[in-house]
Amino acid sequence: TYPPVFHGASISPAEPEYYENVTVIVDVKDEEGGSGLKHVLIQYSVDNETWYDLAVELQGHYFVAEVPAQPWNTTVYIKITAEDKSGNMNVKILRYTVTDTVPPELISFELPQNITYEHDVVVKVNFTDEGSGPSSIKIMYRVDFGEWKEVEGYLDPSSGLFMATIPAQHYGAQVDFKIYLYDRAGVFAVFPSDGAYSYKVG
């Protein structure tokens, strides 16, 4: 006799985020004349070695299970084992990688108290990203409504803040700037979303 036959196996959502549980939907049958389906086992693994059993529900003629949310960039393996009453088995493997499309969030930023033409301006930035985590910043700035210029930021290990340095400008200059935040998945956000922050040089 033949083993059970898979007519479909899918996950929802198709590209899960780090905060989403994943529903596994399986359509498997023992063909006519077979001994009949005995059980369907659905397991998941994050290393393809240790497997965890999931609770399986029959909804209509679909077998359904739920994989708990996993961290960003985790590759999740799903093993579906269908066995008929004669002991014939069929196994199907699905896999997906957890995504992060949620942009970072700005917590705060800080400028020096006295900005003068003699000194560069170090912008200190604190931001968060729940999914993949903070990666980097850059600042776009312009002087007296001129061309926008870019400065790359860096992480200051002692404070845990990201910093970027806008070069010193002439007395009385107006400097406008925007802060770009990047997470480890490459998703970015711009603050402010409209317009720009600004300061006057004394």
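Trainee: How many bridges join strand 2 to strand 6?
Mentor: There are 5, and the two strands, residues 22-29 and residues 62-67, run antiparallel. Keep in mind that this is a predicted model. For one spot to look at, find Val24, which sits opposite Ala65 of strand 6.

Trainee: And what about strand 5, how does it run against strand 6?
Mentor: Antiparallel again, with 3 bridges joining strand 5 (residues 57-59) to strand 6. Glu57 has Val64 as its bridge partner there.

Trainee: How many residues lie between the strands in that hairpin?
Mentor: The hairpin has 2 residues between strand 5 and strand 6, and Gly60 takes a positive phi near 65°.

Trainee: Switching topic: how many salt bridges does the structure hold?
Mentor: It holds 3. One of them is between the side chains of Asp27 and Lys29, at 2.9 Å from N to O.

Trainee: Is Asp27 buried or exposed?
Mentor: Asp27 is buried, because its relative accessible area is 11%, and the cut-off for buried is under 20%. Lys29 is partly exposed at 33%.

Trainee: Which residue does Arg142 form a salt bridge with?
Mentor: Asp176, with the closest N and O atoms 3.0 Å apart. That pair links distant parts of the chain, since Arg142 is in strand 11 and Asp176 in strand 15, 34 residues apart. Asp176 counts as buried, at 4% relative accessibility.

Trainee: And what does Lys138 pair with?
Mentor: Lys138 forms a salt bridge with Glu150, at 3.6 Å between the closest N and O atoms. Lys138 counts as buried at 15%, whereas Glu150 is partly exposed at 42%.

Definitions and conventions. Residues numbered from 1 in each chain as written. Predicted model: local features only at pLDDT ≥ 70, side-chain atom pairs only at ≥ 80, totals over all residues. Heavy atoms only, no water. Pairing = 2+ DSSP bridges. Helix = DSSP H or I, 4+ residues; strand = E, 2+ residues; numbered from the N terminus. Salt bridge = Lys/Arg side-chain N within 4 Å of Asp/Glu carboxyl O. Buried < 20%, exposed > 50% of the residue type's maximum accessible area, 1.4 Å probe, protein only.
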